[in-house]
Amino acid sequence: MFMRIPRFRRTGLFSCIGACLAVWAGNSAWAKNQPAPDWAQEAAKAATPADPGDAAAVLLYDEYVITVDDQNHAVERERWATRILKPQGREWGHCAVDYDIDEKLDYFHAWTITANGQQFQAKDTDFEDKGAYDAPELQMTDRIRALNPPAGDPGAVVACETQKRLAPYMDEEDWQIQYPIPVVDEALELDLPPGGHFAQSWSHYPPVKEVEGGANQMRWEIKGMSALDLENLHATPPLEALAARMSVFWGDAAVNGVDNQWRAIGVWQDQLEAHRTDPTPEITARAQALVAGAPDLYTKLSRITDYIQKNVRYFIVEKGIGGWQAHYAGDIFRNGYGDCKDKTTLLIAMLQSIGVRAYYLHVDSERGVIDPDEPSLTGNHMITAIELPEGESDARLMARVKAADGKTLLIFDPTDEETPVGLIRGELQGAYGNLADGADSQVIQMPVLPPDSGGLSRTGSFVLAADGTLSGDVTDVFSGVDAAGERGLLKENTQKDVREGIEVGMSSDLPGATFKGLEFEQTEKLDQPIRLEMQLSAASYAHSAGPLLLLRPRVMGSDARAVPDVMESKARHFPIEIGHPGCWRDSFDITLPAGYAVDGTPDPVNVDVGFARYHSTVTAKGNTLHYEREYVVKDVEIPPSKAADFRMLEGSILEDEKGAVVLKKD
Amino acid sequence: MRIRGILRGAALIGICGVALPVRPQFQPPSPDELKMTADPKAPGADAVILEYREADNDRLLTEDIYTRLKVLTDKGKEAATVELPYWKGASSVDDIRGRTIHPDGTIVPLTGKPEDLLSEKVNKLNIKRKVFTLPAVDVGSVLEYSYQLRFNDMLFVSRGEEWRVQQPYFVHKAHYEYAPYAPYGGIGVAWWPHLPSGAALNSPGGGVFTLDIADVPAAPDEEWMPPLNSFLYRVRFYYSLKAETTAQYWMDEGKKWSDIVDKFVAPSGALRDAVNRIVAPGDSELDKAQKLYTAVEALDNTDYSRAKTESERRALHIKDIKHAEDTWKQKSGNSFEIAYLYLAMLRTAGLKAYALQVVDRMYEVFDPSYFNWDQLNVALVVLSSGGKETILDPGEKLCPFGQLSWRHAEVRGIRQGPDGVSLTTTPPENFADNMTTYNANLTLDAKGAMTGSFTIVMNGQEALYWRQVALVNDADELETEYEKQLQATVPEGVDVHVDHFVGMDQPDGSLIAIVNANGMVGTAMGKRLLLPGYFFETRGDVPFVNEQRRLEPVDMHFASRINENVTYHFPAGYTVEGAPADARVSWPGHAILVTKSTAAQEQIAIAYSMVRAFDLAEPGEYQDLRGFYQQVATTNQQQIVLSSAETGKGS
């Protein structure tokens with residue numbers, strides 16, 4: 001997303017659906033069919049697991065052999081064989097491999113063995129090279145070679161073999177060993193030069209003892225790995241945060257102990273960025289001008305972070321090592337664009353200019369992907385850790401964490417152009433990252449912010465006409481993390497799209513509503529709330545049902561979170577993502593039409609499940625109906641053991657949101 | 001459509017020389033441009049193009065592009081990144097220049113080298129792109145850049161030219177020039193302009209075409225639009241061997257096509273054997289046509305499975321399909337090949353049948369004034385029997401005999417006939433052919449919990465859609481996908497589970513989904529229980545309700561009818577205190593919604609029927625259309641109130 005994804009092993013199974021292959025085949029493409037090699041034929045004999053579940057394919061064999069020479073340069077060979085089980089499983093037969101300009105793809109061979117034993121060898125015309133990324137803001141040299149396998153139908157086994165020379169600076173393998181389909185047999189082999197050493201760590205899987213096949217030859221083997229299929233589950237962490245994986249280092253990166261490994265990674269990152277953060281005179285001048293007259297540290301930080309958020313456009317130009325290494329701060333400052341590493345680099349430089357220390361913090365854009373017990377380069381994003389002076393207690397600087405060495409660090413993401421300094425968005429809260437601070441490099445957990453870090457306060461005053469038409473004014477005040485979300489919405493969409501989005505979003509609650517006014521009020525200051533003022537009218541909002549008039553007092557908006565599998569009481573094995581901490585309040589007054597009296601109101605709701613609470617009441621006084629509710633979330637995810645609490649909470653919210661007031665004619 | 005030879009003009013050019021386009025120079029922005037913060041001609045725009053110039057020269061094999069635009073919002077900064085695709089080895093992108101001008105007049109030149117990245121490479125086809133991003137861009141910046149595309153000789157003849165006059169941003173001023181190639185022996189240039197009223201293509205001399213245009217609106221973006229390709233402003237040029245009128249072109253090309261088709265479908269021994277095995281001598285013409293239709297529909301249609309790769313065909317010694325009988329022998333072909341196999345078999349069986357090629361409505365609307373046969377990319381068959389013609393769609397896998405995919409209905413094309421070739425239009429879909437009926441029996445308890453089952457009977461396009469989904473997914477995945485769609489229509493709190501489907505592989509009959517459901521559907525309030533009045537519509541996505549204005553036509557793909565018959569069975573002691581009033585909402589001649597509720601002891605039956613007899617509507621009809629859907633949306637929200645004689649705990 002923001003930063004080069006490390007060589008996460010699964011590119012070998014990269015999906016490439018719908019590749020359209022042209023046909024200018026050279027004569028060499030039609031060399032005689034070579035039979036599938038022995039390893040592929042053996043793999044194809046493997047039985048499909050007795051209960052493959054819903055799997056559309058099964059990975060029968062997946063082997064990596066990494067050979068490291070005495071210059072620490074590594075060559076990686078992968079062999080894998082996939083049996084297609086279902087029509088929708090064809091995509092798993094589309095083997096692919098990625099490679100960059102500082103890597104070399106030596107070869108890519110593939111064969112198909114059909115259910116009746118017929119064999120096909122893939123030819124040049126069956127392969128396609130593509131740029132790995134096609135979004136305009138992601139300009140990278142990384143590319144993918146993908147196979148459109150001959151005879152890739154259900155029942156067939158597609159066997160692929162690739163060999164590539166890894167980038168010279170790469171001395172780590174992140175071996176993913178669990179996928180959405182089952183794996184019968186998989187292995188990783190590391191062949192080191194004489195005297196070579198290695199270090200390993202495991203995530204979501206008990207460590208497997210390596211088998212030494214010879215001098216400096218290590219091999220890890222796993223059989224019968226179950227599928228991790230999240231497709232029809234909801235609100236789970238991403239697959240990368242749950243799947244079993246292992247990382248192995250060699251050369252200088254191979255140090256013993258989790259803390260030492262994290263430290264080594266941080267040191268490597270520091271060295272990579274050496275002098276990149278050096279401020280130029282122009283940077284220093286701009287930083288000092290920005291903070292001139294600032295009354296406190298918060299204001300200083302705010303002015304500098306705000307400058308970068310507004311003046312450095314997100315744009316990636318990455319070639320090879322550029323996936324890890326930032327540009328120089330001076331270049332970033334002059335061009336006014338850069339990626340996450342660049343933005344962090346410029347921020348560190350500007351803060352350095354005013355005497356504040358800051359560090360690179362390597363994270364992932366999704367919580368849970370970085371596992372503190374498995375040191376690795378896994379992670380696709382770079383943010384900033386700003387060192388706060390001892391005793392700094394400004395309450396606005398919420399996103400702070402204490403490092404192992406006692407430093408107080410304020411976590412900030414300069415790529416996030418909407419979230420002000422002091423806060424971090426929900427996806428980062430509670431996640432881990434690796435701090436690059438020389439010998440003090442370490443893995444740290446980012447904080448989960450308190451409920452007052454975000455939310456929405458909605459107030460409405462309505463008049464109900466006897467024909468059911470509801471009209472009135474609504475004011476939304478978004479604060480903190482939610483205000484940042486709204487700012488992002490406003491920035492990423494045209495005014496027309498924003499308006500239509502709101503109207504469509506409201507249409508399920510207020511079908512046919514007309515919005516006479518719909519105005520956002522926002523200031524340039526990111527730490528200020530955003531107000532949305534709406535004037536609306538919805539015909540037939542209240543419905544007749546025989547002699548009754550039914551009015552839903554909730555009017556608009558929903559606090560319910562759709563997690564169907566949990567609501568259906570299905571067994572839950574994974575955490576439930578519940579959004580981000582915040583407080584959402586509604587307060588509506590509805591003036592009732594003359595001649596109508598309240599004949600029934602929904603019961604009040606009061607639920608507190610620890611990680612969240614919900615309260616709602618409807619009261620009638622004279623001809624005015626008052627509805628208010630408050631929903632407070634205190635965490636970002638809950639363990640599966642709390643699924644029943646979650647179900648109870650959501651059931652109560654849903655029930656409350658459906659509730660109607662019954663009006664009767666006097 | 002006009003066409004002319006350029007031979008004479010070219011001779012003059014040969015003597016006088018070509019007036020080469022002058023590469024546009026960067027120019028100082030006006031004070032008004034610098035201080036502009038919004039554009040009254042493009043309210044809410046993220047950016048506007050102040051000036052666009054394009055000079056295309058087939059004689060020099062170049063295209064020179066110049067753009068100057070104004071960034072008005074943060075989102076408009078996206079315009080600072082420019083991607084220029086090119087075919088490596090056949091073209092190149094050179095001389096990229098650019099600069100950013102800040103509102104205070106400060107100029108920041110583009111100094112970085114553009115990136116040269118791979119987009120796609122398959123054998124000798126190597127598509128790359130040059131990418132650059134202008135520096136120091138902010139809201140209010142004026143961006144200015146230019147570049148030159150160069151082409152090798154091999155491409156130009158077939159290339160022609162296209163001016164994309166309507167762009168993602170509003171264009172204040174644009175100038176286009178095109179100098180076609182000086183011809184060999186009578187090759188002419190034809191052009192197809194689709195321009196706003198008042199804009200005209202000019203031909204100032206020297207065989208050059210120009211267009212000066214101002215105030216071009218940004219490309220539209222509305223829900224349920226016809227294919228965008230069909231109405232964007234543009235001008236296409238292409239080379240032609242002779243001058244023709246529209247009618248002449250399509251007749252000439254149609255005759256060539258007809259000859260090719262006739263040759264492809266000519267009877268052969270293999271086809272005769274196949275047909276004789278499928279039909280019986282005593283079959284009626286319609287029986288024969290249906291049996292043959294079933295036979296070709298049963299073949300492997302690779303548009304719905306997988307086309308064999310080139311290497312696979314070679315390894316299996318499979319020949320290219322050059323005649324209809326090849327498709328039959330291989331038991332496999334794409335939609336085109338299967339459609340024409342069917343035509344061949346009909347003729348072999350002695351039936352009168354014709355080829356018909358139409359446009360795919362998903363992507364394009366046929367324009368006969370655009371002389372490009374490639375518009376017609378779908379093959380159909382016209383069966384003439386008993387004095388009646390029936391259009392058939394054998395290339396559409398699992399399409400019932402006598403029906404068309406909506407993508408092939410109400411579209412124009414060209415057909416063979418007893419009197420030669422002619423332009424024609426396929427008939428529209430009838431709503432009665434696309435009927436879906438929901439039958440639900442739901443049993444409630446006093447808390448509002450529900451158990452029950454549905455049968456959903458699908459005919460026409462809905463059935464065809466799910467049958468085709470089943471072709472590329474196994475039964476489990478199909479059920480999952482169907483449940484997801486259904487789940488989004490039933491009330492929140494209700495869970496649905498497909499038990500099984502009936503008729504999935506019988507395209508001529510109904511497709512029936514048998515579904516079980518349970519969950520909380522009612523809301524208990526003391527002695528009362530509130531229920532959604534229209535079970536399948538409470539969460540339904542009703543279109544157009546909030547879209548106040550309409551610029552482009554509406555295309556809802558096909559006419560249809562939906563019937564819903566829901567019966568709630570409630571606990572003893574409850575009676576219906578209030579139910580939705582019977583309703584009749586109509587847009588005369590176009591659509592109607594009728595609802596009716598019938599209460600009886602411990603049950604209430606709700607009938608909901610909506611007929612949408614139209615699929616296309618003009619912008620002028622939009623307010624009527626929207627008014628209808630607004631009434632539908634409010635009707636859908638109505639509720640049922642049950643009450644118990646016993647007083648509950650509520651208020």
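The paragraphs below lead through a predicted model, beginning with chain A as a whole, then turning to its cysteines, and ending with a sheet in chain B.

Chain A is built from 11 helices and 38 strands. Along its principal axes, the C-alpha trace of this chain spans about 90 × 65 × 50 Å. One way to judge such a chain is to ask what radius of gyration a compact globule with 666 residues would have.

The contacts inside chain A tell us how the sequence is folded back on itself. If we take the contacts between residues at least 6 apart in sequence, we find that 74% of them join residues at least 24 apart.

A disulfide is a covalent bond between the sulfur atoms of two cysteines. How many disulfides are there over all chains? The count comes to 1, and this disulfide joins Cys95(A) to Cys160(A), with a distance of 2.0 Å from S to S. The angle about the S-S bond is 75°, and the link between Cys95(A) and Cys160(A) is right-handed. Cys95(A) lies in the loop between strand S2 (74–84) and strand S3 (96–99) of chain A, whereas Cys160(A) belongs to strand S9 (residues 157–165) of chain A, so the pair ties together parts that are 65 residues apart in sequence.

Are these two cysteines buried or exposed? Cys95(A) has a relative accessible area of 0% and is buried, and Cys160(A), also at 0% relative accessibility, counts as buried too.

We now move to chain B and one of its sheets. Strands of a sheet pair through backbone hydrogen bonds, either parallel or antiparallel. In chain B, 5 strands form an open sheet in the order S20-S19-S18-S21-S22, and their pairing is antiparallel. Strand S20 (388–392) and strand S22 (422–425) of chain B are the edge strands, each of them pairing on one side only. On average, neighbouring strands of this sheet are turned by 35° against each other, with direction ignored.

At one end of that order, strand S21 (residues 412–415) of chain B pairs with S22(B) in the antiparallel sense over 4 bridges, and here Ile414(B) stands opposite Leu423(B) in S22(B). Helices also meet this sheet. Helix H4 (residues 246–264) of chain B lies across strand S18 (352–358), S21 and S22 of chain B, and runs at about 60° to S21(B). Helix H9 (residues 335–348) of chain B packs on the sheet as well, where it touches S18, strand S19 (378–385) and S20 of chain B, and its direction makes about 160° with that of S18(B).

Note on methods:
Residues numbered from 1 in each chain as written. Chains lettered and ligands numbered in written order. Predicted model: local features only at pLDDT ≥ 70, side-chain atom pairs only at ≥ 80, totals over all residues. Heavy atoms only, no water. Disulfide = S-S within 2.5 Å. Helix = DSSP H or I, 4+ residues; strand = E, 2+ residues; numbered from the N terminus. Buried < 20%, exposed > 50% of the residue type's maximum accessible area, 1.4 Å probe, protein only. Pairing = 2+ DSSP bridges. Axes fitted to C-alpha atoms, helices over the stretch in contact; angles between N-to-C directions. Contact = heavy atoms within 4.5 Å. Rg over C-alpha atoms; globule rule 2.2 N^0.38 Å.
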